[in-house]
Amino acid sequence: MCLYRTKVWWLQPHFIHAKEASIFPKETILILGKDELDETTYRLILALILPDSFDSTKSSIREKTEARQKGFTSCGFTSVPIMPSSSTSSSAMALTSETGGTVAFYAGRSKDPYKLLQDGATMAIRVANSQNTEDASSSLFTSSNQNNPTHHHVDRRRRLSRLPDFAQRLGWCTWNAFYTSLSGTKILNGLSTLRKAGVPRIGWMIIDDGWQHTTNDDLFKDVKHNLAERHSLRLEDLGTSPSKFGPDDENRRNMVSDEDSHLLSLKETIHQLKQPLDEGGEGLDAVLAWHAISGYWQGIEGTSTVEVETSPELQNPHITMYSPHLSLGIVENDPSIVERVSLGHGNTKGKLGAPTNATDFYDRYHAYMTAVGLDGVKVDGQGITGFLRSYHPNSTTSSDDDVVDSNKSVDNDAVVMGPHRHELTTRLHDSLSLSIRQNFHHHGQDHDDDDDDEKSREVGETVGLLSSSGLPIIHCMCHAPEIIYRIPSLYGHITEQKEGSDHSSPRFPLPLMRASDDFFPDDPFSHNVMIASLAYNSLLLGHLSTPDWDMFQSSLSFLSEMKDAPSHNAIAKMHAVARSISGGPIYVSDVPGESDPDLLNKVVCDDGTVLPCAGVALPVREQLLLDPLVRNRTMILWNVNGLPGDDGSWKFSSTHQDDDDSNIDNEGGYNTIVTSGVLGLFHLGGCVEENTTVTVKPQQVEAFQNKYFFEGHQKPSFFLYSYNTRRAWVLENVSDEVEIQIPSETEGGGLLWCDVVSIIPITVVPMVHQGDLSLNVFDIVPLGLLDKFNGPGAVLRVWSSAPYAVPKNNDQQEGVAAKIDLSVRGSGEFAVLARARVRSDKGPVQWVHSGIRAKVTVDDESVDRVDLIQLWDEEKMANDPPVLNRSILGLEKEGFDLIKFHLPPPTKKINVIEERWVNIEVALKHQ
């Protein structure tokens, strides 16, 4: 499997099906495969980016024969002296430079492919962010332990990458709803329509492309128009479009025509968006706005010699013109890019105007945004910057080999000048990250004092871990190595490595980064490719960012009119399930009036609270090298639920209250507390035959394979639950498996089908010995919120107390009870499974089929109604189908009772990332 730049902006996976088809695409930056001499060992090749202090250049991996034909010097593994000899081997690959200069790559091998990818990403970060040649060389010489046995550490960057505050609820983006035809009234009416249609509460939104003041602004005022044309436009100034929004200050009022005098300003729009619902607003927590890395698609219209009728703080900065200088690999992968970057008018056709002083530009632009009430940004079009060179008309210089100068086709007098390093990219991103921290700092904590960290831990580990975090920026169209390898240092605050540790330790979560090409609702055959790309791209991006799996639409009913298109309901459900388990933000781009509230209510809570996984959704181990789009193949993704930690080691959450320090690892950091695993099943290739099944098992959740995961606990059993079929199983071993039936095409949904399988280790309360009986009082399975795709995601932590006697009158013991404490989030119908077991020293296990009672409190308030459904009572269940339909099938022989109650919304307004507390006392009478 390899990842390559299918476009200037995006990575995409590619799969090599046989040795005779070993050619892989141009612009490949990562190759993952198996050692041909040892099928249990994985090998990784990753192209690196050296710091600007080198004569560095973009590099990619090509097939060796082709590289020789192109005249490139071979840089096979055995000829690169800076790599440790233990990780080198002969290879048919070569790392090639586009323009000459120094190149570097990572080559490693391991029995654990996820650890291998982590090591490669860690190396890429360290090298790209080295301060000088000596530091970079030291990083390359440093062993990443790729030949050591697998150990229990995983990438702490990924495990710390919790969602930023603004993304803790469902979001909405204006793009697919309105495209560039925006106005304040449209936005407000759109949100109102969604709310009245029953869509769960929307907590944040993105005002996407279309709000800025650009050249030829009127082209996009009323209609979708030709969206490609917008790539020829530049910013007129730093304010809003005068044809779409009213002025935010008096100096711009003379730019507004009488026809547009009624328009709401952006500031007025945002104010109404954030007003509480009971005060006539939409009750949003945050509003983000879109802009391109250099302002707009073709940058900024120069104003160095022209006065603009606007406030001084909104005038455009001085600019430098840049010209795209594309590699042949990019042009071969995406031929349309040449035409796209050649758009424009006049003498600057095909040129991009970037700010000469990027720090001043971003600071003034973002200061304006915060002044009108915006809370963050989505920054688009980033990948092109690495191909831009300073433009000087009538200069003379020679073009580099293997590079396409797009200007030759549009302006014969223009010649590319400038360095081959990533000076522009570095300068823009350094200035962008600085501005985000300075202007939107109130949306992310910035602890520079170690004492602050210690104080937060003293308050309590759960509260400390759930504190406000994350900067409000979404990086988009940015899959260039010179960008993605520097993102962690710019936003993650990586500290120095601890002595004896394999990892650097970032102290803040990494920013959101879009993980694939766009969501295209109008193209019914793009959706399966998108889901596959999101999953496999996350193998790398999950170590560099918090992957954002993009917006989607809950209703795609218009696709039903397209011939041979997959089921629109299946497409929408597939996207919803993927977002539910991705670990990233969840937001839609529904057209107002065209939503499916029922589907969205399976993704988030009624109050819009999301139920994010604690990690990043990734392909299971046995499918890492398999093409998920092959017919009759089902892609399986895994993730975990629980409480993210700052060390990255997994720990099963069933700690006893008198052993609360077990979540602290031997380096003083917090383990990632895991309450459950989740498998996402996606049949993307069509052609399902009758009786086709997919095999699932607990060990496909990588955490459950780890030998340290259940340390200190007796060997667990596993509870499996399929959302689609409502079937459940109890498996005794991590390697036990079950088969799930995939419906055939004739039954509907066969072309595109998905399911979610929750896998919950069963919490076992310790033994109590009474005479010749060993009473293993209770097995507990916290199901979480019912009727959610990732309902167990509501459970962040589980505590169980030692069992205790329940007294009767005259000090006689009536029975035995135990208390279960859950740290949870969200609201809705909540459920826990419980069963009592009795085993004689001389006999088999027997289930106690009567006498269980349950009391529930939520945030110290008693729950009046607790339903106790006896799933083991086959006669009762058979005579009560409504109860049966609301519960879980397949547990008739397992002895479980279903404890169900309503988890109410918080009684006071609290931050949505703060946990709730549920206490369940389960008691068993003596028989």
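Student: How much space lies in the second largest cavity?

Tutor: In this predicted model, the second largest cavity holds about 180 Å³ of space, and the count of cavities of 30 Å³ or more comes to 12.

Student: Which residues are the closest to its centre?

Tutor: The second largest cavity is lined by 17 residues, of which Trp297, Gln298, Val341, Leu352 and Ile384 lie closest to its centre.

Student: And how does that lining divide into nonpolar, polar and charged?

Tutor: The lining of the second largest cavity divides into 10 nonpolar residues, 5 polar ones and 2 charged ones.

Student: Switching to the sheet, what is the order of its strands?

Tutor: The sheet is open and has 8 strands, which run in the order β21-β20-β19-β15-β12-β9-β8-β22 with parallel pairing. Its edge strands, each pairing on one side only, are β21 (546-548) and β22 (587-588).

Student: How many bridges pair β8 with β9?

Tutor: Strand β8 (residues 170-173) pairs with strand β9 (residues 202-207) over 4 bridges, in the parallel sense, and tryptophan 172 stands opposite methionine 205 in β9.

Student: Which strands does helix α7 touch?

Tutor: Helix α7 (residues 266-274) packs on the sheet and touches β9 and β12 (286-292), with its direction making about 145° with that of β12.

Student: Now α16 and α17: at what angle do they pack?

Tutor: Helix α16 (residues 527-541) and helix α17 (residues 568-582) pack at about 10°, and their axes are 11 Å apart. Because angles under 35 degrees count as roughly parallel, α16 is roughly parallel to α17.

Student: Which residues of α16 and α17 meet there?

Tutor: From α16, His527, Asn528, Met530, Ile531 and Leu534 meet Ile571, Met574, His575, Ala578 and Arg579 of α17. The residues of this contact divide into 6 nonpolar, 3 polar and 1 charged.

Key
Residues numbered from 1 in each chain as written. Predicted model: local features only at pLDDT ≥ 70, side-chain atom pairs only at ≥ 80, totals over all residues. Heavy atoms only, no water. Axes fitted to C-alpha atoms, helices over the stretch in contact; angles between N-to-C directions. Helix = DSSP H or I, 4+ residues; strand = E, 2+ residues; numbered from the N terminus. Parallel < 35°, antiparallel > 145°, perpendicular 65-115°, else oblique. Contact = heavy atoms within 4.5 Å. Nonpolar A, V, L, I, M, F, W, Y, C, P; charged D, E, K, R; others polar. Pairing = 2+ DSSP bridges. 1 Å grid on protein atoms, 1.4 Å probe; cavity = no way out; pocket = protein on both sides within 12 Å on 5 of 7 lines; lining within 4 Å. Points joined across faces, edges and corners; volume = space filled by probe spheres on them.
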